[in-house]
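Please look through the structure below before reading on. The report that follows takes up a sheet, a helix and some of the charged pairs in turn.

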Amino acid sequence: MTERFITETLNRRDAEFDLTLRPGRFADFVGQGKIRERLELSVAAAQGRGDVLDHVLLCGPPGLGKTTLAYILGAAMGANVKATSGPILAKPADLAGLLTNLEKGEILFIDEIHRIQKSVEEYLYAAMEDFAIDIVLDQGAHARSVRLNLPRFTLVGATTRSGLLSAPLRSRFGMTNRLDYYTPEELCAVIQRSARILDVDITAEGAEEIAARARGTPRIANSLLRWVRDYAQVRADNRITRDVADKALAMLDVDRHGLDEMDKRILSGIIGKFGGGPVGINTIAVSVGEEPDTIEEVYEPYLIQQGLLARTPQGRTATAAAYRLLNLRLGPGAQQELL
C-alpha cells in the first residue's frame, strides 16, 4: 500500500465527514476543559450585558477543534459565523468586503490568520479596536480617505503557528486560548460519540485501540474510525473490537505508537542518511519527498512530543528513543551528541 493511497484514503470526503461529527454546542465538545469553561463564561457574560463577544484567538496544532469552537461560539451567541482563511485575503479590498457585510454580533472566523498579508492585517487593527475602517477613494491628487463605521462584531482567529502573528494583531484579541493534544481517554470519548452518530458497533477496547494511535488529535481519531468502520463492514461483520481495529490500522501502516509511514521515513532518513542529525528541515523535506511546511506543522510536533525528534539551532536530531523504536544501534558519534 503506497503512501499516496493511504493519504487519499484518510482524506477522501473529510469535509463532509467532519461536518457530520462536529459538535454544535459546548456540552457535546469533548476535551479542552479549561478553554471550554473560559469560553462559556465569556459567552454568559456577554449575553448578560447584551454585548457582543470579545475577539478570540485559538492556537494549536491542526485537528484539535479550533474551527469547531468557532462555530460553537456562534451557536451559543445566536450569531451567524462567516468563515474565510488568511491566504484568501490577498488585498485590503477582500477584507473590506467581508467587514462591511457583517451585521451586529456576527462572528468573522479567519482560519490560518497568521498567513494574512501585512497590508491586509493593518486594516484589521482599526476594525477590531474601533470598529471602523478607512477606505481610500480615487488616486493621485484626487485621493481621499473615507472612514466607514462597522457594526460591533467578533473576530475569531485560528492559527497553527501563533509565533508568526505580529504583536499588534495578537494584542488586540481579548482572549487567547491554546489547544493541547488530547489524552487517550478523551479520544476514546470522541470515538465513542462519533460511533454513536455513525451507528457503528464498537467495543470499549476497540475505541481504546483507535485512540491510542490517533496522535492526540480528534480529527485523526475520526478519520481512523472511518477506515476501521469500512474494514469491519467488509471483514468483521460490522463490529469493531480491539483485534479488528489492530488489523485495520495495520493495513494503514499506523503502529501502536500512532506513527505512520511518513513519520518513520522522516526518522529513518535522519538516522540513515544524515547520521542522526543535526539536519535542516529543507533537507529532510527533499529526502522524503514532502513539503517543509507539512513536516513542520503535521509530523514534527508529534515526533517532538513523543521524544523521538529534537529541534536544535543546528537542525533536527533523532533521539535515542527514535533509534530504539526503529531497532537501530546508536553509534558512538551519535551517542556522544545525544549526551
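## Terms and basis

Two residues are said to be in contact when they have heavy atoms within 4.5 Å of each other. Helices (H or I, at least four residues) and strands (E, at least two) are DSSP runs, numbered from the N terminus.

This is a predicted model, in which local features need pLDDT of at least 70 and side-chain atom pairs count only at pLDDT 80 or more, while totals for chains, interfaces and linings use all residues. Residues are numbered from 1 along each chain as its sequence is written, and side-chain values use heavy atoms, with hydrogens and water left out.

## The helix α9

Helix α9 covers residues 204–212, and its buried residues (buried means under 20% relative accessible area, exposed over 50%, partly exposed in between, with a 1.4 Å probe and protein chains only) are Gly206, Ala207, Glu209, Ile210 and Ala211. These buried residues pack against α8 (184–198), β8 (201–202), α10 (218–235), β9 (239–240) and α11 (242–251).

## The five-stranded sheet

Five strands form an open sheet in the order β2-β3-β6-β1-β7, with parallel pairing; two strands count as paired if DSSP finds at least two bridges between them. Because β2 (81–85) and β7 (175–178) stand at the edges with a single partner strand each, one side of each is left without a neighbour in the sheet. From one strand to the next the twist averages 15°, where axes are lines fitted to C-alpha atoms, for helices over the stretch in contact, and angles run from 0 to 180 degrees between N-to-C directions.

Strand β1 (residues 56–59) pairs with β7 in the parallel sense over four bridges, and β1 also pairs with β6 (residues 154–159) in the parallel sense over four bridges. Leu57 stands opposite Thr176 in β7 and opposite Gly157 in β6. In a regular strand the side chains alternate between the two faces of the sheet.

## Salt bridges

The structure holds 21 salt bridges, a salt bridge being a side-chain nitrogen of Lys or Arg within 4 Å of a carboxyl oxygen of Asp or Glu. One of them joins the side chains of Lys82 and Glu106 (3.5 Å, N to O). Lys82 lies in strand β2 and Glu106 in the loop between α5 (92–100) and β3 (107–111), so the pair ties together parts that are 24 residues apart in sequence. Lys82 is partly exposed at a relative accessible area of 28%, whereas Glu106, at 5% relative accessibility, counts as buried.

With Arg213 the side chains meet at 2.6 Å, N to O, and here Arg213 is buried with a relative accessible area of 3%, as is Glu209 with 5%. Arg256 is exposed, with a relative accessible area of 54%. Salt bridges that share partners join Glu208, Glu209, Arg213, Arg242, Asp246 and Arg256 into one network.
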